[in-house]
Amino acid sequence: MNLTTKQKQHLKGLAHNLKPVVMLGANGLTEGVLAEIDSALTHHELIKVKVAGADRELKNAIVDAIVRETQSAKVQVIGHVLVLFRHSQEMKIALPKTK
């Protein structure tokens, strides 16, 4: 899923007040964590995930794996917080039109 800059800005504004719904701990990215992220995306469409870990390369690899496995779009990463978006069946969030 590719988002335009305008769509990303819109989603960043919506995500500003959200709290992380999934937090990765010492066990890292497991099947259970992926299932929880997938479930949260289906229910909310726009979520924050907190990725613990000091190593930047490992964090980037985890973020890429989450996006790939959940078939979602990365809206932004700030520090250890990842914002993800994926439309659900109900399409609760309306995105600005693309040209």
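This is a predicted model: local features need pLDDT of at least 70, side-chain atom pairs count only at pLDDT 80 or more; totals for chains, interfaces and linings use all residues.

User: Why is strand 4 called largely enclosed?

Analyst: Buried means under 20% relative accessible area, exposed over 50%, partly exposed in between (1.4 Å probe, protein chains only). In strand 4 (residues 81-85), 4 of the 5 residues are buried, so the rest of the structure largely encloses this strand. Strands (E, at least two residues) and helices (H or I, at least four) are DSSP runs, numbered from the N terminus.

User: How do you know that strand 2 and strand 4 pair?

Analyst: Pairing takes at least two DSSP bridges between two strands. Strand 2 (residues 46-51) and strand 4 have 5 bridges, in the antiparallel sense. Ile47 has Leu84 as its bridge partner in strand 4.

User: What joins strand 3 to strand 4?

Analyst: Strand 3 (residues 73-78) runs antiparallel to strand 4, with 5 bridges. The two form a hairpin with 2 residues between them. Gly79 in the turn has a positive phi of about 60°.

User: What makes the buried residues of helix 2 line one face?

Analyst: Val33, Leu34, Ile37, Ala40 and Leu41 are buried in helix 2. Seen down the helix axis, the buried residues fall within an arc of 125° (taken from the directions from the axis to the C-beta atoms), so they line one face. Glu31 and His43 are exposed, on the face turned away from the buried side.

Note on methods:
Residues are numbered from 1 along each chain as its sequence is written. Side-chain values use heavy atoms; hydrogens and water are left out.
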